[in-house]
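Subject: A structure for you to look through

Hello,

Here is the structure I promised to pass on to you. Please open it beside this email, and then read on for what turned up in it.

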Amino acid sequence: DFSGWKCVNCPDAAEHAHELLSIYGQQLVVLEAHPAANKLTASQKPDYNYTCPAADSLYKTMGGNITTPLPIGSVNMKAKEGGTFLMNVGEWAGAVQSAVKQYHSADIHLRIGEQDSIICNIYNWSAQTLACNLYVWLTEDSIVSAQYFPEGPTNNYMRNHLLRDAILPAGGKTLTLAPLQQTEQIVVYTLPEKVVPENCH
């Protein structure tokens, strides 16, 4: 969900994404990404700046630019017919429903290890070798922040699923998964100072 604090329609999009999360549970991961490359995220005040390099990378990769109208989103970073990645809010539910019905050849489980490490276990259920990219992102919930609405701005908006960082490179880590085997990836990562650890995922 590409969003901006100056975007008056973005709170409705965030609510829609949260409703989809309540339907699909752990089958769905929601990211609210604020790309610096869009005019609706810019701010001279650091407290109003929710951008991060990971959001910018995703946004530019999917064809977003400074004038792309927000809110806009993508499901599974896959192109639609016509080759475009970004879709309007009204398209999200159908795209998510279609995505969760597809057969997935791999399971991913994350756990916290020792010394600031994240352990990613990926199991390839298929009898084929799989080439894939592993993405691990940091999100934060319960951020009381500034947001514009059609009736005006507020400083008391509760922001959730905010993309804070790409724990692996924003383009993902390329992996080759052996058939019917588990692959383990260990990532050493230190949380940024500005986040609240108990609100992070």
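Some ground rules come next. This is a predicted model, in which local features need pLDDT of at least 70 and side-chain atom pairs count only at pLDDT 80 or more, while totals for chains, interfaces and linings use all residues. Residues are numbered from 1 along each chain as its sequence is written, and side-chain values use heavy atoms, with hydrogens and water left out.

**Salt bridges**

A salt bridge here is a side-chain nitrogen of Lys or Arg within 4 Å of a carboxyl oxygen of Asp or Glu. How many salt bridges does a search of the whole structure find? The search finds four, and here are some of them.

Another salt bridge joins the side chains of Glu32 and Arg159, at 2.7 Å from N to O. This pair links distant parts of the chain, 127 residues apart: Glu32 is in the loop between α1 and α2, and Arg159 is in strand β6 (residues 152-159). Are these two residues buried or exposed? Both Glu32 and Arg159 are buried.

Glu91 also forms a salt bridge, with Lys80, and the closest N and O atoms are 3.2 Å apart. Since Glu91 lies in helix α3 and Lys80 in the loop between α2 and α3, the pair ties together parts that are eleven residues apart in sequence. Glu91 is partly exposed, with a relative accessible area of 33%, and Lys80 is partly exposed at 27%.

**Two helices side by side**

Two packed helices are described by the angle between their axes and the distance between the axes. Axes are lines fitted to C-alpha atoms, for helices over the stretch in contact, and angles run from 0 to 180 degrees between N-to-C directions. The axes of α1 and α3 come within 10 Å and cross at roughly 20°. That makes α1 roughly parallel to α3 (angles under 35 degrees count as roughly parallel, over 145 as roughly antiparallel, 65 to 115 as roughly perpendicular and the rest as oblique).

Which residues meet here? Taking contact as heavy atoms within 4.5 Å, Ala13, His16, Ala17, Leu20 and Tyr24 in α1 meet Val89, Trp92, Ala93, Val96, Gln97 and Val100 in α3. Trp92, Val96 and Ala99 are buried in α3, and the buried residues of α3 pack against α1.

**A buried asparagine**

Asn38 sits in the loop between α1 (10-24) and α2 (53-61). Asn38 counts as buried because its relative accessibility is 1%. Beyond its neighbours within four places in sequence, Asn38 is in contact with Tyr59, Asn65, Ile66, Thr68 and Leu70.

**Backbone details**

Most residues other than glycine have a negative phi, and most peptide bonds are trans. The peptide bond from Leu70 to Pro71 is cis, with omega near 0°, and Pro71 lies in the loop between α2 and α3 (89-101).

Gln115 has a positive phi, near 55°, and is found in the loop between β1 (106-112) and β2 (117-124). Gln115 counts as exposed, at 73% relative accessibility. Leu180 has a positive phi of about 55°, in the loop between β8 (173-177) and β9 (182-188).

Happy exploring!

Note on methods:
Helices (H or I, at least four residues) and strands (E, at least two) are DSSP runs, numbered from the N terminus. Buried means under 20% relative accessible area, exposed over 50%, partly exposed in between (1.4 Å probe, protein chains only).
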